[in-house]
Amino acid sequence: MKKQESSRGGRNLRSTISVFCIAVAMMLSATVPGFCQGQKTGITLTATDKAAMRGLCAIAEGVSNALNVYMDARVTELLVGSSLSETLREALATPGTRVNASKTLEAWRKASGAYEAILLLDITGLCLASAPTGLVDRDFASDPAFQTAIGGKPAFSDFHKSDVLTSLDPKSKGWTITIAVPMKADNKVEGVLMSFLQWSRLSELIMRVPVGKTG
């Protein structure tokens, strides 16, 4: 038991270190022009400082690349699902088919393992079907990702703590990224397919980035 607890604690610590390094590197990249490109920044640094900062930038770049690939795959998955699923399209127009739509979304969620929740929204932002089903009839009109998708373009949020996921599962920490894609027919948006990514899968990407190599 002690060995398991130690292993789990090590993973949690490594994840925390990774997230901290990424946050610091991204903050410096945003606030200090040329920081990650090795350009002059007007800040006097020791050789050790420079090596540490190069390491932070490498961590941030590695995670950014991994997340970009992962996010592209998830957006593509949602776009394909929104285009090909007749069950979801029927649910937008026919209330009697929405239970089946929720079942379809739940099967998709379980098979993928990438999402905390997947939602079918009408053009007003009302949830018509969801997996899990606890989000049906909830209003998502004010969600920024929905607002972009209803305008016809795929959208995703930054990392954030979702009140939706926290209320759905009080034991959940609620951290996620939201993705939303428009559902179109004859180039007209008829609804939105929205998802909340599973934090554990995202944190796995962070965990794979080497931490501690700053040379």
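Colleague: What should I know about how the values were made?
Modeller: Residues are numbered from 1 along each chain as its sequence is written, and side-chain values use heavy atoms, with hydrogens and water left out. In this predicted model local features need pLDDT of at least 70 and side-chain atom pairs pLDDT 80 or more, while totals for chains, interfaces and linings use all residues.

Colleague: Why is the pair of Trp108 and Tyr115 called edge-to-face?
Modeller: Rings of Phe, Tyr and Trp (its six-membered ring) pair if their centres lie within 6.5 Å; planes under 30 degrees apart count as stacked, over 60 as edge-to-face and the rest as tilted. The centres of Trp108 and Tyr115 are 6.4 Å apart and the planes stand at 75°, so the pair is edge-to-face.

Colleague: What makes Trp108 count as buried?
Modeller: Buried means under 20% relative accessible area, exposed over 50%, partly exposed in between (1.4 Å probe, protein chains only). Trp108 has 16%, so the residue is buried. Tyr115, at 1%, is buried too.

Colleague: What makes the pair of Phe140 and Phe196 tilted?
Modeller: Their planes are 50° apart, with 6.5 Å from centre to centre. Phe140 lies in the loop between strand 2 (127–131) and helix 5 (144–149), and Phe196 in strand 7 (residues 188–197), so the pair ties together parts 56 residues apart in sequence. Helices (H or I, at least four residues) and strands (E, at least two) are DSSP runs, numbered from the N terminus. Both Phe140 and Phe196 are buried.
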